[in-house]
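Please read the following with the sequence and the model side by side. The text goes from a strand pairing to a domain arrangement and then to a helix packing.

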Protein chains: 2
Amino acid sequence: MSPSPLPFHVQRLQKPDGRELSLYGLEPIELASDVPSPSPDPVDARPLMRWHPLRGEWVMYAAHRLGRTFLPPPEYNPLAPTSDPEHPTELPRGRYDIAVFDNRFPSLTLNAPDAPEVPGTAQRPGVGKCEVVVFSQNAAGRLADLSEAQLALLLGVWAERTAVLGDTGKIRSVLAFENRGVEVGVTLHHPHGQLYAYDHVPPVQATMLAQAKQWRTEHGEAWLSSFVAAEREAGVRVLRDEGHALSVVPPFARYTYETWVVPARPVGLLSQLAPDETLAFARVLKDALLRLDALFGVRMPYLLTVHQAPVGEAPDPDFPLHIEIYPYLRAPGRLKFLAGTEQGAGEFANDKFPEVSARELREVALENL
Amino acid sequence: MSPSPLPFHVQRLQKPDGRELSLYGLEPIELASDVPSPSPDPVDARPLMRWHPLRGEWVMYAAHRLGRTFLPPPEYNPLAPTSDPEHPTELPRGRYDIAVFDNRFPSLTLNAPDAPEVPGTAQRPGVGKCEVVVFSQNAAGRLADLSEAQLALLLGVWAERTAVLGDTGKIRSVLAFENRGVEVGVTLHHPHGQLYAYDHVPPVQATMLAQAKQWRTEHGEAWLSSFVAAEREAGVRVLRDEGHALSVVPPFARYTYETWVVPARPVGLLSQLAPDETLAFARVLKDALLRLDALFGVRMPYLLTVHQAPVGEAPDPDFPLHIEIYPYLRAPGRLKFLAGTEQGAGEFANDKFPEVSARELREVALENL
């Protein structure tokens, strides 16, 4: 039984400045205006990377990013469909649900040029890709306001982009994420996320894969299988269980209301989920996002990251596909900041037990959802 | 030639609630009031740790921390010497420069009790120690306002605490840090830092040690020796070189104005610095802090971490002692937030080249220092 993706429509386009744009929809795509770009100038990105010899990680440098200007009219929204041709946005008018385009100010590009020599340090081109994912044409909405079908479409879009990027032959790992909230510096409130595609497997994904492989060796099964079975048996940290997917405050949560969405069947990529699994995953994700906003009655600032197996080769059967949501509020009005122990030692201090956080999130009044 | 520490005076005391207090001074310590505590209640901390199976790191849970209350009079400063016995602070009046005491709300304690059983997860006692280090009796001052002798004393205090904690037989790694700025949630502006002492070597220090050992294998010398030689030869990233110590924006800086203070002679612990090396280190540290505040003419919010070799055994000759300062402003009024790539993949994106940041920091007008 091989899973097949949920059907959706896609149209590939090119912006006036040369960047790629893909439109995705549950219905056939219909364009009602030309494809715009805020500026006709081609992107001139020369990102590069340097190796951090003590932390063992790459650092990306993208000097062109600092020049990014925001001097539009106050109501200008670059992620909305263009309504005034005098002020073109990133997106055309028309019928589509989700749009993906190349970031104008990328930290990584597929055609990064050779780096100039700098005294006393080695560097290499910042090969990779940075894309923007616009979740909806509704500028005032939230990710959680998408219907289950639209959220399933988004999971399909993330899966498709991951496959497309893997097929370039230059990409080894794709991270989809949403960073939300003025509290964490987000100035653009139109619901959107980003994709970072790396030409190597970054430290977090490399560690996850190594740890999961060790788990398999020690326990004889996929880490995700053990995790789902243990959480279902314990019961105290599960927020919602839809059979094919569930949400959990993991027993090792680093953020106070950290929530994970996991598939019940262990796979490494979103593209490996069957349609009914994708729909269940979407339903659980929507439920988790609604609970986080209902918890304190405010839009919870958060970082959402999608963890998938390395690409560019057959997906590793041990990498556990999952979504992690880090809510930044640890109490009403109180943000979690990463300070000494988190940044200086790599270990988190959490003031609340995951079982308590899970109970609070489970008991959120349903009428608030 | 064995280095010997700079001379200083120390007095060990106990607070009414049982916590330890140590006072340090360049002059002999003189107490002018009883040793106070904000509350007579003994600390009831039951921290514990759980293992993050995918990131391979411990997470600390300290539920008692959430109960910490701040309902004092508006001008109450718990880190100032007690002036009104009706509102006791953490510190007595008297002649001393620096004070170190047990945190009332620790994430780790030496006598952490066994953890209760929780369904579906293993946990262990949160063994370790959390201390507060008050840099000065001057509530309005900055770390950079300390004299070179006082900063050298602080280096000596950090060294002494590291040794004392290592001698407990329960501690393997000590992290000293200062987190500064309302921008990053700091509510107590009296100049102070913290110490976290772990019963294991945390991920950051473990990686640094492993990377430094690999460097020795591949290059035949200590990483710190190679680094200092390369930076001196390149010249473009050094902020100040005092012979025995220097400050550098490292070529792999993750934060825009990230600044490191390193000794010229490779050692693993502050206690291994000779007096003249300690004084040079203090001079360079003061200069770096002054430059960061002068850069934009505001008190730069930052995290400062002191990286030292594991303790509880002979210091490893490969671990590179150094201080890292992460300034949170990447431009005037613009904070750096850790978002998708930093938290989700473990790799930083920096908008400015270290050589450019270093030039800006070198060119800060001297009259602003």
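Arg240(A) has Ser247(A) as its bridge partner in strand S13 of chain A. This pair belongs to an antiparallel arrangement in which 3 bridges join S12(A), residues 238–241, to S13(A), residues 245–248; strands are DSSP runs of E with at least two residues, and helices are runs of H or I with at least four, numbered from the N terminus, while two strands pair if DSSP finds at least two bridges between them. The hairpin has 3 residues between the strands, and Gly243(A) takes a positive phi near 80° there.

The model is predicted, so that local features need pLDDT of at least 70 and side-chain atom pairs count only at pLDDT 80 or more, whereas totals for chains, interfaces and linings use all residues. Residues are numbered from 1 along each chain as its sequence is written, chains are lettered from A and ligands numbered from 1 in the order in which they are written, and side-chain values use heavy atoms, with hydrogens and water left out.

Chain A is assigned domain 1 (9–202) and domain 2 (204–368), with bounds from an automatic or database domain assignment. Their centres, taken over C-alpha atoms, are separated by 24 Å, and 31 residues of domain 1 of chain A are in contact (heavy atoms within 4.5 Å) with 34 residues of domain 2 of chain A.

In chain B, helix H1 (residues 148–167) packs against helix H4 (residues 275–296) at an angle of about 110°, with the axes 8 Å apart; axes are lines fitted to C-alpha atoms over the stretch in contact, and angles run from 0 to 180 degrees between N-to-C directions. H1(B) and H4(B) are therefore roughly perpendicular to each other (65 to 115 degrees).

Notes. Parallel < 35°, antiparallel > 145°, perpendicular 65-115°, else oblique.
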